[in-house]
Structure formats: C-alpha cells, structure tokens
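Trainee: Could you walk me through this fold with me asking the questions?
Mentor: Happy to; let us look at it together.
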Amino acid sequence: MTRLSRRQLAAALAPVFCALGVQAADSPDATSAGPRTLPVTDGAAITPDAPARPVMKALPLWELGVGASLLRLPDYRGADSYRGYVLPLPFVVYRGNFLRADREGARAVLLDTSFAELEVSLNASPPVYTDDSGARAGMRRVPATFEIGPKLRSTLLRTPGLRLNLEVPVRAVLTLESSPRHVGNVFTPNLDLSVSTGTPWRLGFVAGPLWASQGVNQRIYGVSAAEAIAGRPAYQARGGYGGWQALVGTSRRFERHWIGAFLRYDHVGGAVFGDSPLVRSRSNLSGGVAMSWIFANSSEQVMRPD
C-alpha cells in the first residue's frame, strides 16, 4: 500500500468523495461524480407541467463522522499500473442555504431553482508517481492537483422512480505544492442518473466525456527530451478530447453508519494524447468500498429534501 503526505492524502481521497457520493466537506464532484439524492414525491400526479417534487424533511443542520476506505486506482488514466490505498474517510454534512456539503458534494450554491442549480464545483487528483520499471521509469513525479470552477446542473427528468441531471462543470486546475501553479482547465459534462431500487440502498450512474487544455494533458502524458529513452520518445501532448468515463455507485445510510461502493470505467481511445508513449492501456477499471460512523449532529434542524 502507498503512504501519502497530508496534501497527497486529500487529493487521493478525491475519487472516493466523487464516486461514492460521500458527504464530505472537501468532496469533489465532477470527474467521477457518484450517486445523488433520489427524489421522492408525495403521491401527486406527475405531468409535463407538474414534475415530481422531492419530499421536504426536517434534518440536522450538520452531522459529523469518521471512517475508512479501501481503493484500487490506476496511476493515471491510460496507465497499466495500479495502486492500492487504505485511507481515513471523514463524513461531514452541512445543510446551509449557501454553503452545503451533502450527497451532491461540497459546494457554494449561487443559484437554486426547481430545474437548475449554479454552484462552485471542486475536484482533486492524486499525484502521479515515478517507478523503477514501468512507463514512467526515471521520470519526474507529477504533483497532485486541485480544481475549482462553476458548474451548472439542470434536471432533465424527475419521476418518483428516477432523476436524470445534466451537469456542466468548467474548472481551473491548480497544483498542490508549496508554490501552486495554474496548469490549465478542464471541461467534463456528464449525465447523472439516480434510480430507485425499492430498498434502502441508493443507486447512481454517471457518464460523460472529458476535455482538457494542453497544460493539463502535458503534465501527465508529455515526455521531455531529457526523459526520452529507447521505447519512450519525447512527446508533446495537445489539448482537447480526453476520452470518457462511466461510474456506477451504491450507498446506504443507517441511523449511525454509512456504507458505499463504486466501480469506474475509463476509456482513452480517440483521446488527443492517445499516441503518447505513456499510454499503455486504452481502458482502466477502478473501484472502492468505504464505511463511516456518524458520531455527532446538531440539535438545530432545517427543511431539506429527504
């Protein structure tokens, strides 16, 4: 297993927060966004002019918990090497009017209507390590990154049994190091489907393409002249289409516990960096499981969708 520094730990936790839909104060939400809140109606008839409305319920303003996660992730999209992580997992829920951290991720809500929501979107990526014998043997270590930018979420379909959202995030990418640098931007639109299982388990599906600017792709897939060796020629990555990814996740909330699991499929076929010597696999399958114990909540309650 891999040991991480504090900053690396925060970035490595990103896939868990996204994919599992964990209610974490620093959870990202785009590249691997996870299961979302399943809307429930009060039994009223649903017509095109009267979409299903979620039932409002009095819930604690905040909740706190702690747990652990077990992950298996590729070193980067297109890598043929994987790493295992055993990581602590915070559980933080805050149901404010402007700042929120819940099943939709941590965000600052700028606009909230029945059909669309504009918010600040966050994401993070773990560092890319060098190795002794793989594609990046002898190459520099690539720092972890933090992403921030606006995201528009629009409800395309809402019924008692499912909800389909279109999410359109655009984020700036910053390195997580002593002197952070802006390395480019990413655009990751996706369709987010929540489906009723008829049980206490929540089930979600997320899929969509990825685009990134040249600086973002170059830091992962570029090879400088100094790093070029036999079988790994110098390479300059371009900005543009980066393939697509799809995720399925499930979670369940008990009175004092939360558990979840996810599987994510990444495909880089047709990506602008697909001919990089560092791309050793056209697809990757990653996954993880997590559990949290909820030990505290506020006495103050707010009305929110259940």
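Trainee: Among contacts between residues at least 6 apart in sequence, what share joins residues at least 24 apart?
Mentor: A contact here means heavy atoms within 4.5 Å. This is a predicted model, where local features need pLDDT of at least 70, side-chain atom pairs count only at pLDDT 80 or more, and totals for chains, interfaces and linings use all residues. Residues are numbered from 1 along each chain as its sequence is written, and side-chain values use heavy atoms, with hydrogens and water left out. For contacts between residues at least 6 apart, the share joining residues at least 24 apart is 66%.

Trainee: How many residues of helix α3 are buried?
Mentor: Helices are DSSP runs of H or I with at least four residues, strands are E runs of at least two, and both are numbered from the N terminus. Buried means under 20% relative accessible area (1.4 Å probe, protein chains only). Helix α3 spans residues 214-221 and is mostly covered. Val-216 and Arg-219 are among its buried residues, and the buried count is six of eight.

Trainee: Which residues touch the most other members of the largest nonpolar core?
Mentor: Such a core is a set of buried Ala, Val, Leu, Ile, Met, Phe, Trp, Tyr and Cys residues joined through side-chain atoms within 4.5 Å. The largest one has 17 residues. Those touching the most other members are Tyr-76, Ile-220, Tyr-221, Phe-273 and Leu-278.

Methods: Buried < 20%, exposed > 50% of the residue type's maximum accessible area, 1.4 Å probe, protein only.
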